[in-house]
Amino acid sequence: MSSFSITEPSNRTKWFAGTLVIAYALITMMPLVWIGLTGFKSPADAISYPPKYIIGSDSEAGFQPTLEGYVNLFTTRTRQTEEFLANNPPENWADEIVRQYDMVIVGPSKFGERFLNSVIIGFGSTFLSVFLGTLAAYAFSRFKIPLADDLLFFILSTRMMPPIAVAIPIFLMYRNLGLSDTHLGMILLYTAVNISLAVWLLKGFIDEIPREYEEAALIDGYTRFQAFYKVVLPQAATGIASTAIFCLIFAWNEYAFAVLLTTANAQTAPPFIPTIIGIGGLDWPAIAAGVTIFVLPVMIFTILLRKHLLRGITFGAVRK
Amino acid sequence: MSDKTADRVAAATPTHIARKVRGLSDRAIAWIFVAPTIFLLLAINIFPLIWTIRLSFTNYKANRINREPEWIGFRNYERILTDSDIWLNMQATAHFLFWTIFFQVLIGFTLAWLINKKFKGNDLWTTIIVLPMMLSPAVVGNFWKFLYQPQIGLFNYIIAFFTGKDPSSFEMLGSVDLAPWSIVIVDTWMWTPFVMLICLAGLRSIPDYIYEAAEIDRASKLRQFFTIMIPMVLPFLMLAVLFRGIENFKMFDLVVQLTGGGPGSTTELTSINLKREAFEKWRTGYASAYAIILFVTVFGLASIYVKALNKVKER
């Protein structure tokens, strides 16, 4: 820094603050790192005491990494007789891993399907809430709408309902309409939950775009609609993108509606992961593998898009 | 401008007429843009709310479709408000709310204050700290259950390592005394970053010249902290508390995965209790009344709080 400032913290203060923050960050990351490690352990290593944490070491605290958890996550297996095992050599590396428990892979597990459901419902509802939200936000930002403030508050207050309270009538309604356990039903529901935040965030972003741009376009002979998508939309692109990320993360992470309203066809990954059972109880390495695959995209997203995301969180909250 | 006749005519037409000729009026566009959102909210938020209110006056059971529900007036409400078990759930919720907010504000503000010292690489570390709040609460609850396992769990191991206790001598999730704290710990781990981010926005909104003026007036650092920083961050902090309060009052997924409301009903927060009534005992009418009571409580408390917040802002 070239200019001297009396409000700039001293180097010692900075060093002290930095150490404390980094220490907190490392502690806070421990559970996540631990889950990542557990995904590569054998069931026996995962529940050993004292815990094993050194990859590939032969010491007491070490474990040999294995893909067993991932294999168990993606497959279903059955126990076979020794005769069968002797006559049918393992077909591939995954089968080989399973053989040590006298088992063979008989097919894929439900995890792939559930993960795909998460993707379909997540992206579907994100697209719909951002699409509808942008239109509504533009209208609220630019036109005089009677009772606009009341409408906006009403849109926001719908988020105060506990999800279970909303789920009771939705459950009955979906049962009558045949929307239970369908992708469309979940997409509509998540859109309805997300749209309040989407309108609120997007209105803020659109408010920041000077009206003069559109007015100039209108004078140049654009219709209002052309001005909206040729002038306003490109300007609001960053805002729309960060709103989309919020909607996607919500839909991706949601559990309460998913567990109550879906059973098989449209169930997403969060209600599925905790139910993975292995030999003699919960299969922790497989669960950890599932958790890792499920949370990794969100973590990568967060790190890559941190500037927009962090701004979105504070901005969205502070404006309310 | 090209010299086609049509273009010249278009340029010469006054804009308000041109708009009417060539496109929809502003008012029509406004309604076309807002209508789908309003329709969706009416269909999936308001209509269900009205339905819930109606159901709350009946003894309807959703697993018996053929039985006609009877109108029983305010009986559901009476039963809920006089039920002592529900007051226990409310107490569990209050304990959870108070302590999560207490720890999150304390740690979150401290972190924001330290990050605001602008040490090198602070934005990277901020991002790392923020990661837990981006994850799925149900999945977080699920893997913390693994960390909390007695004997084999990492949490017990670390506590045992530092205190010298036997790691199998205490069960975070299984003991009546510790279970309420186990959910507080996980929620604090997950949501402290949120409070931190809001506080950070508050701290960054204070312009440097205020500190410079205080420095020139020879105000001590301690005095600057209490007379500049705290009052100016307070509205932000109160907002963070409002959001965490509303969210944690609705808390369901994290706790249901972690403890399932147990042991006994020590961590059975109101949302979990509500889920049991509605989707396990299938007392739909009763659960609807319960839902309405919860909604009115949150709404009422939030409105009072927002009034207080606005007073703080005005100062």
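**Notebook: two chains, looked up one by one**

I began with chain A, where 74% of the contacts with a separation of 6 or more join residues 24 or more positions apart; two residues are in contact if their C-beta atoms, placed from the backbone, lie within 7 Å. I keep in mind that this is a predicted model, where local features need pLDDT of at least 70 and side-chain atom pairs count only at pLDDT 80 or more, while totals for chains, interfaces and linings use all residues. Residues are numbered from 1 along each chain as its sequence is written, and chains are lettered from A.

**Chain A.** I found 16 helices and 6 strands here (DSSP runs, H or I of at least four residues for helices, E of at least two for strands, numbered from the N terminus). The radius of gyration is 26 Å, well over the 20 Å that the globule rule gives for 320 residues, so chain A is more spread out than a compact globule. That radius is taken over C-alpha atoms, and the rule is 2.2 Å times the number of residues to the power 0.38. I noted that 43% of the 320 residues are buried (20 or more other C-beta atoms within 10 Å of their own).

**Chain B.** I saw 14 helices and 0 strands in chain B. Buried residues are 39% of its 315 residues. Its C-alpha trace spans about 90 × 75 × 40 Å along the principal axes.

Technical notes:
A residue is buried if 20 or more other C-beta atoms lie within 10 Å of its own, exposed if 12 or fewer, and partly exposed in between; C-beta atoms are placed from the backbone.
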